[in-house]
Amino acid sequence: MALKELLNEYEAVRLRQRDALQKRTQEAYALCPEFKEIADLRKAALMELGNVMRSGEDPKRIHDKLSTYAAREKQLLKALGLPEDHLQMQYDCPLCKDTGYVGEARREPCACLQRKKIALRAGQGDPNERFENFDETLFSDATQLARTKKAREYLESFANEFPNTRWQNVFLTGAPGLGKTFLLNAVARRVSERGFTAQTVCAYNFIRDVVAGFSAGEDRLGAYFTPALLVLDDIGTEPMLRNVTVETINALLNERLARGLHTLCATNLTTEQLKERYGERVLSRLIDTRHCCSIKLEGKNLRMV
Ligand SMILES: [Zn+2]
């Protein structure tokens with residue numbers, strides 16, 4: 001299941017690249033109609049090539065035509081200051097052309113697929129952070145222990161019932177050091193061991209990644225739309241970029257809700273602080289009681305005990 005979902009991600013990449021090529025092509029045609037003429041000539045020459053090959057004629061004439069078109073296209077691109085491969089399909093991974101596999105006779109997993117598998121596992125944090133290792137002896141306060149155990153029980157059943165959970169999303173709040181990240185990682189691990197894709201990312205890295213994508217001309221937000229479970233930790237630590245941060249988080253939450261995918265969010269901020277930082281709209285998405293179960297941890301910082 002996890003592999004199948006990774007392969008779905010590859011398909012999403014291919015679709016994104018195909019759309020991007022279409023967009024570049026249309027823009028180029030608008031900028032310089034000769035690109036369209038060349039494309040039409042090329043199409044005709046390729047059809048002719050098919051006929052010539054079937055008839056057993058020497059195809060050199062056609063190959064010459066095709067090279068002339070390619071050269072003219074290259075010349076035009078250069079004159080317009082566009083990259084040579086502007087009108088060609090681009091790949092996130094040129095090795096496997098975003099299929100995840102290389103090799104003709106024997107297909108083998110591409111290095112990028114291996115990396116994704118590792119990242120998927122590594123993305124679930126410390127391997128010791130799992131429900132089985134929940135350590136009651138860390139708690140000196142009985143009320144705090146009872147409260148945290150209740151949260152743990154709920155989250156463990158969430159992970160066991162996944163994806164058929166009562167609530168689509170979970171919102172976990174509480175001051176630092178109460179064990180939020182431990183619980184989130186435990187959920188991600190269990191969900192992934194049950195065969196679903198689970199990705200954990202802290203809000204800081206999430207926003208940095210999406211913004212780095214802007215400068216690389218890539219839409220990286222889309223990658224966060226696909227895992228069956230996304231754990232967004234430490235909301236409130238990310239940089240507040242005008243017209244970016246709030247909009248991106250809102251888009252993420254909306255899209256995942258619309259796709260019926262589960263999102264687990266955690267923050268050290270209080271409801272008041274969240275409202276001030278993100279505004280009413282995002283806050284109501286985060287804690288919307290129709291889709292979301294809110295859990296609040298309270299007590300002493302366990303790291304200090
Ligand atoms: Zn690859």
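Figure 1. Val187 touches Leu155, Phe158, Ala159, Val231 and Leu264, leaving aside residues up to four places away in sequence; a contact here means C-beta atoms, placed from the backbone, within 7 Å. This is a predicted model, in which local features need pLDDT of at least 70, side-chain atom pairs count only at pLDDT 80 or more, and totals for chains, interfaces and linings use all residues. Residues are numbered from 1 along each chain as its sequence is written. Val187 is also among the residues with the most contacts inside the largest nonpolar core, together with Val170, Leu184, Leu229 and Val231; this core has 38 residues. Its largest share, seven residues, comes from helix 6 (residues 180-193). A nonpolar core is a set of buried Ala, Val, Leu, Ile, Met, Phe, Trp, Tyr and Cys residues joined through C-beta atoms within 7 Å. Buried means 20 or more other C-beta atoms within 10 Å of a residue's own, exposed means 12 or fewer, and partly exposed lies in between. Helices (H or I, at least four residues) and strands (E, at least two) are DSSP runs, numbered from the N terminus.

**Figure 2. Helix 2 against helix 3.** Here helix 2 (residues 34-55) packs on helix 3 (residues 60-79) at an angle of about 165°, with the axes 9 Å apart. That makes the two helices roughly antiparallel, the word for angles over 145 degrees. Axes are lines fitted to C-alpha atoms, for helices over the stretch in contact, and angles run from 0 to 180 degrees between N-to-C directions. Look for Phe35, Ile38 and Leu41 among the helix 2 residues at this contact, and for Leu66, Tyr69 and Leu76 among those of helix 3.

**Figure 3. Helix 8 beside helix 9.** Helix 8 (residues 245-258) and helix 9 (residues 271-287) have axes 10 Å apart and an angle of about 25°. They are therefore roughly parallel, a label for angles under 35 degrees.

Figure 4. Phe162 and Pro163 are joined by a cis peptide bond, with omega about 5°; Pro163 sits in the loop between helix 5 (142-161) and strand 3 (169-173). Asp98, a non-glycine residue, has a positive phi near 55° and is buried, with 22 other C-beta atoms within 10 Å. Asn243 also has a positive phi, about 65°, but counts as exposed, with 7 C-beta neighbours inside 10 Å.

Definitions and conventions. The expected span of a helix is 1.5 Å times one less than its number of residues. Angles under 35 degrees count as roughly parallel, over 145 as roughly antiparallel, 65 to 115 as roughly perpendicular and the rest as oblique.
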